Amino acid sequence: REQTFSILKPDATRRNITGEVNAVIEKAGLRIVAQKRILMSRKEAETFYGVHKERPFFGELVEFMTSGPVVVQVLEGENAIATYREVMGATNPANAAEGTIRKLFAESVGENTAHGSDSAENAKIEIAQFFSGNEIVG
Ligand code: GTP
Ligand code: MG
């Protein structure tokens, strides 16, 4: 079964809605096979979002991701990567479909509640950045 990497972002922990988000994830048929609450360091956030470092919003993004606790997760299921992207909805909650995590919970394009890997290659890299093999229990 495929695995993807997920982050419940600081706007989710701040509002104490990580359980509500997890309920949407589980109802979509994805299994949370690893999960921990961490404070991302500036360096971790810069590495994680390295592909966006030339974007105008990079500084804001790193500020936000280090502004409070996040919940990092490994999700497992059939087509987990594409399934989770669909369950999250569009990056900008204004464009997100009904019933998606970002439509239900996100506050803005910056504070958009969840991250999900966008490819198998990135899922592998991202999971390895935050979890060791023995922390993932399928
Ligand atoms: P992730 O799953 O978080 O990677 O989101 P995504 O794949 O839907 O979007 P993308 O990779 O293009 O952008 C990464 C993150 O940067 C987004 O989730 C937003 O949090 C943030 N972001 C993207 N565009 C903007 C923007 O215009 N302004 C701000 N402040 N943040 C943005
Ligand atoms: Mg992305």
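Predicted model: local features only at pLDDT ≥ 70, side-chain atom pairs only at ≥ 80, totals over all residues.

Student: Which residues come nearest to ligand 1?

Tutor: There are 14 residues around ligand 1, and Tyr 49, Glu 60, Thr 91, Asn 112 and His 115 come nearest. Helix H4 (58-65) and strand S4 (114-116) each supply at least two residues of this shell.

Student: Why is the pair between Arg 85 and ligand 1 called a polar contact?

Tutor: A polar side-chain atom of Arg 85 lies 3.0 Å from an oxygen atom of the ligand. The cut-off for a pair of N or O atoms is 3.5 Å, so this pair counts as a polar contact.

Student: What makes Gly 110 a polar contact of the ligand?

Tutor: Here the backbone takes part: a polar backbone atom of Gly 110 is 3.1 Å from an oxygen atom of ligand 1. That is within 3.5 Å, so the pair qualifies. Taken alone, ligand 1 exposes 590 Å², and the protein buries 81% of that.

Student: How do you know where ligand 1 sits?

Tutor: A molecule sits in a pocket if more than half of its atoms lie within 2 Å of the pocket's grid points. The space taken by ligand 1 is the largest pocket, whose volume is about 670 Å³.

Student: What lines the largest pocket?

Tutor: The lining has 27 residues, with Lys 9, Tyr 49, His 52, Leu 61 and His 115 nearest the centre of the pocket. Helix H7 (120-130) is among the elements that each supply at least two lining residues, and H7 gives the most, with four. By class, the lining divides into nine nonpolar, 10 polar and eight charged residues.

Student: What makes the phi of Asn 79 worth a remark?

Tutor: Phi of Asn 79 is near 50 degrees, a positive value in a residue other than glycine. Most residues other than glycine have a negative phi. Asn 79 lies in the loop between strand S3 (70-77) and helix H5 (80-88).

Student: And what is phi of Thr 113 near?

Tutor: Phi of Thr 113 is near 70 degrees, again a positive value in a residue other than glycine. Thr 113 is found in the loop between helix H6 (101-105) and S4.

Methods
Residues numbered from 1 in each chain as written. Chains lettered and ligands numbered in written order. Heavy atoms only, no water. Near = heavy atom within 4 Å. Polar contact = N/O pair within 3.5 Å; in protein donor to acceptor, adjacent residues only side chain to side chain. Areas by Shrake-Rupley, 256 points an atom, 1.4 Å probe, with all protein chains shown as cover. 1 Å grid on protein atoms, 1.4 Å probe; cavity = no way out; pocket = protein on both sides within 12 Å on 5 of 7 lines; lining within 4 Å. Points joined across faces, edges and corners; volume = space filled by probe spheres on them. Nonpolar A, V, L, I, M, F, W, Y, C, P; charged D, E, K, R; others polar.
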